[in-house]
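Please work through the following exercises with the sequence and the coordinates open beside you. Each task is followed by a solution that goes step by step.

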Amino acid sequence: MQATIYVTDDEPAIRSAIVKRLSRRHHTVTGFESGEDVIRAVTQHAPDLILLDLKMPGMGGVETLRQLRPIAPQTLIIMLTAYGTVEDAVEAMRLGAYDFLIKSVDLSGVDPVVDRAIEFLTLRHRVEFSLEDQNSAYALSNIDARSPAMQLLLGQVRDVAENAKSTVLLQGETGTGKEFLARVIHCNSPRASGPFVAVNCTAIPRELFESELFGHERGAFTGAHQRKRGLLEKAEGGTLFLDEIGDLDPAMQAKLLRVLQERTFRRVGGTEDLSVDFRLMTATNRDLKKDTARGSFREDLFFRLNVVTFELPPLRVRTEDILPLSMQAMLRFGKEFGKEVLDIEPEAQELLQRYSYPGNIRELQNIIERAMILCHDKTLTAGCLPRELREQAPHIAVAMAQGEHPSLRIEMVLGQQTLADIESALIEEVVRLSDHNKTLAAKHLGLTRFALDRRLKKQMEQD
């Protein structure tokens, strides 16, 4: 990083030597002989870094630092002194100085201190850019949802995001964007400045999950050489997102329930109750109501989690969103790969909209990433898409509408599907929604079990 640096010292020889030394390293360096001069310069343009002499006639370094802080809060200030008294160093650090440097004859100590400051500035710039990019990606105003189902869902998300405490349960098939929606809620809530701590309940071994969630004290178990903060503490003031909550171990379900009830916890091996403030969001692709009925998921925990529930529809039933999501992914990968691909040809658009996406949004993003690697023009063509999209049968969309009387909605392209195609798609969806219980599926379809088996066998033979 090439930094803009101001050097303030009343001794011309030292000031000139530091300016030359830093200029040789390709920084933009300007020298000033007094605190008053550097303050006037900073009001016009705040630099990245200021080297400020502690002992100067007139306005001293500490007073200059005190006046600089309000007008240049992002500028790092390194104090220079030939005396190095502890009292002056403590006062300068209290006022916000980044570091303290004792001047020597050869000024060899300048380079490492300036390097550390520039490294810190570089890291801070990256974090700020990342946060800006994140806030833009998850801003509700930037989400292009065109399907009625997603427009309705996002309207509800706005209300839930404003409530910083409501527990949220996200349900939907794998790849429908549950974690993305959790981040949208977090970034548009009063907790946006706090951390978003995400953990997959299946990714951490069962025997380590308690320690990861609650943390542990030194000596709590073999290998616990020091205290460790858990995920609950890391989520303080922000959001804790537990993905695949339906797979959480029964023993941990009980401990999580206590945290939600009491809003306190203990580290493993600890004796002190610690209070915690966070919003809990969970996600699952399982049907937790059925899991509670089977006894594999605690009913009391389900009631705690099921305060606000969002059901994310699969991509195959929200075809209006396929092209906006494709364009979004195309622009993102174009930036990543250094390619200026600006459009998708009509034939490729049709192929993308016809595909059923068993992997949902995640699969669509993978398809676009692959296509962008193969694309060498400014328009993404059908030839860049995977073979399975080009060779697929015409797609029939089957949408599920929840309510007192759940219903299915069939969408077909006139002239491109037969009655047999529609019947096959309908039977397949009803069987899936019945958890492959053929007796229940036959009842939903108004058929006998024998008649359903006969139709399924016929479909298999045709395939």
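Helix α13 is followed by Gly338, whose phi is positive, near 70 degrees. The model in which these exercises are set is a predicted one.

**Exercise 1.** Determine how the span of α13 compares with the expected value, and identify which of its residues are buried and what they pack against.

Solution. Begin with the length: α13 covers residues 322-337, which makes 16 residues. At 1.5 Å a residue, counted over one less than the number of residues, the expected span is 22 Å, and the helix reaches 22 Å from its first C-alpha to its last, close to that expectation. Next, apply the burial cut-off of under 20% relative accessible area; the buried residues are Ile322, Leu323, Pro324, Leu325, Ser326, Ala329, Met330, Phe333 and Gly334. Finally, look for their partners, which are the strands β15 (343-344) and β16 (379-380) together with the helices α14 (346-354) and α15 (360-374).

**Exercise 2.** Classify the packing of α6 against α7, and describe the residues that make the contact.

Solution. The axes of α6 (residues 148-162) and α7 (residues 178-187) are 8 Å apart and form an angle of about 45 degrees. On the α6 side the contact is made by Leu153, Leu154, Val157 and Ala161, and on the α7 side by Leu181, Val184 and Ile185. By class, this contact has seven nonpolar residues, with no polar and no charged ones.

**Exercise 3.** Carry out the corresponding analysis for α17 and α18.

Solution. The axes of α17 (residues 419-433) and α18 (residues 438-445) come within 9 Å and cross at roughly 130 degrees, and the pair is therefore oblique. The crossing of α17 past α18 is right-handed. Leu426, Ile427, Val430 and Val431 of α17 meet Ala441, His444 and Leu445 of α18, a contact with six nonpolar residues, one polar residue and no charged residues.

**Exercise 4.** Decide whether Val29 is buried or exposed, and list its contacts beyond four places in sequence.

Solution. Locate Val29 in strand β2, residues 28-32. Its relative accessible area is 14%, so Val29 is buried. Leaving out residues up to four places away in sequence, Val29 touches Ile5, Val7, Val19, Leu22 and Ser23.

Note on methods. Residues are numbered from 1 along each chain as its sequence is written. This is a predicted model: local features need pLDDT of at least 70, side-chain atom pairs count only at pLDDT 80 or more; totals for chains, interfaces and linings use all residues. Side-chain values use heavy atoms; hydrogens and water are left out. Axes are lines fitted to C-alpha atoms, for helices over the stretch in contact, and angles run from 0 to 180 degrees between N-to-C directions. Helices (H or I, at least four residues) and strands (E, at least two) are DSSP runs, numbered from the N terminus. Angles under 35 degrees count as roughly parallel, over 145 as roughly antiparallel, 65 to 115 as roughly perpendicular and the rest as oblique. A crossing is left-handed if the near helix is turned anticlockwise from the far one by less than a right angle, and right-handed if clockwise. Contact means heavy atoms within 4.5 Å. Ala, Val, Leu, Ile, Met, Phe, Trp, Tyr, Cys and Pro count as nonpolar, Asp, Glu, Lys and Arg as charged, and the others, Gly among them, as polar. Buried means under 20% relative accessible area, exposed over 50%, partly exposed in between (1.4 Å probe, protein chains only).
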